[in-house]
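Trainee: Hi, I'm new to this one. Could you walk me through it?
Mentor: Happy to, let's bring it up.

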Amino acid sequence: MQTIGLLFSVFGSPAQVMFRVPKTPRVLAPIVFFALFSFLAACAVQLKVNFAELVMNTILGSPQSVNPDDIANLQQILSLPMIRGAFFAGAVFMPLLIIAGLSVLYFGLFTAIGREGSFKAFFSITAFAFMPNIFSQLLGVLRAFFISPSLLMLDQLGSLSPALFLDRATASPLLFAALSSIDLVSIWILSLLVIGYGFVPPK
């Protein structure tokens, strides 16, 4: 229970939490929490709209023209139970894979420049820094319940970026991608990563 409380304390006292995490790394609790939360969020979204429909909306909303035959074939593929299951699994496990990948990346980089810390410490810092991601998932659930499925797109389901105010069909792809990267939750996570890794001591 103490670790769960520490997970949520990152919202109110980020520096204090990130100072403690490298000293006493916690791995299991963040993994279980993110897996469970992602599973519940994906289940809630699936109650209102399936992921295949979100993919089709995203493709049809892009500025590039799409061949009608290709659309029909894609709809058949996306309707396969195996593909639908893969989307659901991706929604559940993707946050964990991103956390693990970034942990490996930053562990390698910081070790190379002379920082001292175990991989467990780096994984723990990264996991705690990703706590704000739950707000993206909650936002995705709210949009699934209160916005028409025909208006929802997979890459914008939990987004809090300025790209939401652009017309995807007419906007420049480069501008859309640039604004999509300015996501409030992503900036929040990056800030926590900077704070956390700042507490990793030099050799």
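Mentor: One term to begin with: buried means under 20% relative accessible area, exposed means over 50%, and partly exposed lies in between, using a 1.4 Å probe and protein chains only. This is a predicted model, where local features need pLDDT of at least 70, side-chain atom pairs count only at pLDDT 80 or more, and totals for chains, interfaces and linings use all residues. Residues are numbered from 1 along each chain as its sequence is written, and side-chain values use heavy atoms, with hydrogens and water left out.

Trainee: Okay, is Ser136 buried or exposed?
Mentor: Ser136 counts as buried because its relative accessible area is 11%. You'll find Ser136 in helix 8; helices here are DSSP runs of H or I with at least four residues, numbered from the N terminus.

Trainee: What is Ser136 in contact with, leaving aside its neighbours within four places in sequence?
Mentor: Gly158 and Val185. Contact means heavy atoms within 4.5 Å.

Trainee: And where is Asn133?
Mentor: Asn133 is in helix 8 too, and Asn133 is buried, at 17% relative accessible area. Beyond the neighbours within four places in sequence, Asn133 is in contact with Pro95, Val185 and Ile189.

Trainee: Switching topic: how much space lies in the largest pocket?
Mentor: About 940 Å³. On a 1 Å grid over the protein atoms alone, a pocket is an open set of points where a 1.4 Å probe fits, with protein on both sides within 12 Å along at least five of seven lines; lining residues have an atom within 4 Å of a point. The volume is the space filled by probe spheres set on the points, which are joined across faces, edges and corners.

Trainee: What's the lining like by class?
Mentor: The largest pocket has 17 nonpolar, 13 polar and two charged lining residues. Ala, Val, Leu, Ile, Met, Phe, Trp, Tyr, Cys and Pro count as nonpolar, Asp, Glu, Lys and Arg as charged, and the others, Gly among them, as polar.

Trainee: What volume has the second largest pocket?
Mentor: About 190 Å³. Its lining includes Arg143, Gln156 and Leu164.

Trainee: Where does Leu164 sit?
Mentor: In the loop between helix 8 and helix 9. Leu164 is partly exposed, at 33% relative accessibility, and apart from neighbours within four places in sequence, Leu164 is in contact with Arg143, Gln156 and Ser159.

Trainee: Why is helix 7 largely enclosed by the rest of the structure?
Mentor: Because nine of the eleven residues of helix 7 (residues 119–129) are buried. Among them are Phe122, Ile125 and Phe128.

Trainee: Which residues touch the most other members in the largest nonpolar core?
Mentor: Met18, Phe33, Phe34, Phe128, Met131 and Tyr197, out of 27 residues. Helix 7 gives the most to this core, with six residues. A nonpolar core is a set of buried Ala, Val, Leu, Ile, Met, Phe, Trp, Tyr and Cys residues joined through side-chain atoms within 4.5 Å.

Trainee: Last one: where is confidence lowest in the chain?
Mentor: In helix 5 (residues 68–78), with a mean pLDDT of 69, whereas helix 8 (residues 133–146) is highest, at 92. That score is the predictor's confidence in each residue, from 0 to 100.

Methods
Helices (H or I, at least four residues) and strands (E, at least two) are DSSP runs, numbered from the N terminus.
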